[in-house]
Amino acid sequence: GIASFAQLGTVLFGCVVIGLALGYFADRWLGTEPWLLLVGLGFGIAAAAVNFARALRALNRMNDGNNGN
């Protein structure tokens, strides 16, 4: 329901933060600063976009189901 969309902002934020954190720590470990941080940011943004697209599809399915009643 609507609660799953209320948590969408948290999920999008979490995707980006996890990507950044993984990139940051990989950079520190391998000494490749800032490249893996940027790669991690890109992966985080991509993961957030995928989750956002899934949420939009779910919302469209909910609306389609309500229009049939």
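I began with the surface of the protein chain in this predicted model, and I noted that the chain exposes about 5,100 Å², with carbon and sulfur atoms supplying 69% of that area.

I then looked up how much of the chain is covered, and I found that buried residues make up 14% of the 69 residues.

Next I turned to the secondary structure, where I counted three helices and zero strands in the protein chain, the elements running α-α-α from the N terminus on. I compared the radius of gyration of the protein chain, 17 Å, with the 11 Å that the globule rule gives for 69 residues, and since the value is well over that figure, I recorded the chain as more spread out than a compact globule.

For the outline I took the box along the principal axes, which the C-alpha atoms of the protein chain fill at roughly 60 × 15 × 10 Å.

I also checked the contacts with a separation of 6 or more, and I wrote down that residues 24 or more positions apart account for 56% of them in the protein chain.

Returning to the surface, I asked which residues form a nonpolar patch there. I found Phe52, Leu56, Leu59 and Met62, which together have about 310 Å² of accessible area.

Terms used. Residues numbered from 1 in each chain as written. Predicted model: local features only at pLDDT ≥ 70, side-chain atom pairs only at ≥ 80, totals over all residues. Heavy atoms only, no water. Patch = residues over 30% accessible without salt bridge, like charges linked within 9 Å, V, L, I, M, F, W, Y side chains within 5 Å. Areas by Shrake-Rupley, 256 points an atom, 1.4 Å probe, with all protein chains shown as cover. Salt bridge = Lys/Arg side-chain N within 4 Å of Asp/Glu carboxyl O. Helix = DSSP H or I, 4+ residues; strand = E, 2+ residues; numbered from the N terminus. Rg over C-alpha atoms; globule rule 2.2 N^0.38 Å. Buried < 20%, exposed > 50% of the residue type's maximum accessible area, 1.4 Å probe, protein only. Contact = heavy atoms within 4.5 Å.
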